[in-house]
Amino acid sequence: MTTSTSPKIWPTLLYRDARAAIAFLEQALGFTTSLVVPNPDDDNVVEHCQMTGPEGGAIMLGTANRPGNKFSQRPIGGCSSVYVVVTEIDELYERAVAAGAEIFHEIEDQDYGSRDFSVLDPEGNIWSFGTYTGEG
């Protein structure tokens, strides 16, 4: 079996304004953009974007309702929820607050051992961050 550090699961989100989503994820939540493919006819339209999470993992996103792309025709705005494991939870929470992120769930310790919080992105998707790494 071959192992790799490359992500094997890529959650993918759609946005009316993908450029604003990219900026929010970078500034408020510590994501890093590794690739942006603009539409050749309209630079405001993002055909494909890859971002790395603050401590690893990755997501893809793009502009919703792109003609000829059936994957972009899915519902948007409050339809997605993403959980991201982080160790520096308090620092990330402070960064999100300082950037003006809308807090959906205040930071708190959970009875199962995690410390977590959730924010809404500009289009209503829930981004949860916590120290719980899952079982196994």
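So, the nonpolar patch on the surface: Y83, V85, Y112 and Y132 make it up, and together they show about 370 Å² of accessible area. Keep in mind that this is a predicted model. How exposed is Y83, and how exposed is V85? Y83 comes out at 38% relative accessibility, so partly exposed, and V85 has 36%, again partly exposed.

Y132 is 49 residues away from Y83 along the chain, yet their C-alpha atoms are separated by 9.7 Å. If you skip the neighbours within four places in sequence, the contacts of Y83 are S114, S128, F129, G130, T131 and Y132.

Okay, zooming out. The chain has two helices and eight strands, and the order along the sequence is β-α-β-β-β-β-α-β-β-β. For 136 residues, a compact globule would have a radius of gyration near 14 Å, and this chain has 16 Å, which agrees. The C-alpha trace spans about 50 × 45 × 25 Å along its principal axes. Of the 136 residues, 36% count as buried. The accessible surface is about 8,000 Å², and carbon and sulfur atoms own 50% of that. And if you take contacts with a separation of 6 or more, 54% of them are between residues 24 or more positions apart.

Next, helix α2, residues 89–98. Which residues of α2 are buried? I89, L92, Y93 and A96. They cover an arc of only 105° around the axis, so they end up on the same side of α2. The cover over those buried residues includes α1, β6, β7 and β8. After α2 you get G100, with a positive phi near 85°.

There's another positive phi, this time in a residue other than glycine: N65, near 60°. N65 is in the loop between β4 and β5, and with 47% relative accessibility it's partly exposed.

Now the charges. Side chains of opposite charge can pair when their charged atoms come close. How many salt bridges does the structure hold? Five. I'll go through a few.

R16 and E123 pair at 3.6 Å, N to O. R16 is in the loop between β1 and α1, and E123 in the loop between β7 and β8, so this pair ties together parts that are 107 residues apart in sequence.

Then E47 with R66, at 3.1 Å, N to O. That one links distant parts of the chain, with E47 in strand β3 and R66 in the loop between β4 and β5, 19 residues apart. E47 is partly exposed at 27%, and R66 is buried at 9% relative accessibility.

Last pair: D90 and R115, at 2.9 Å, N to O. Here D90 comes from helix α2 and R115 from strand β7, 25 residues apart. Both are partly exposed, D90 with a relative accessible area of 34% and R115 at 24%. What joins D90, D109 and R115 into one network? Salt bridges that share partners.

Definitions and conventions:
Residues are numbered from 1 along each chain as its sequence is written. This is a predicted model: local features need pLDDT of at least 70, side-chain atom pairs count only at pLDDT 80 or more; totals for chains, interfaces and linings use all residues. Side-chain values use heavy atoms; hydrogens and water are left out. Patches are made of residues with over 30% relative accessible area and no salt bridge: like charges are joined within 9 Å, nonpolar side chains (Val, Leu, Ile, Met, Phe, Trp, Tyr) within 5 Å. Accessible areas come from the Shrake-Rupley method with a 1.4 Å probe; for residues, only the protein chains shown count as cover. A salt bridge is a side-chain nitrogen of Lys or Arg within 4 Å of a carboxyl oxygen of Asp or Glu. Buried means under 20% relative accessible area, exposed over 50%, partly exposed in between (1.4 Å probe, protein chains only). Helices (H or I, at least four residues) and strands (E, at least two) are DSSP runs, numbered from the N terminus. The arc is that of the directions from the helix axis to the C-beta atoms. Contact means heavy atoms within 4.5 Å. The radius of gyration is taken over C-alpha atoms; the globule rule is 2.2 Å times the number of residues to the power 0.38.
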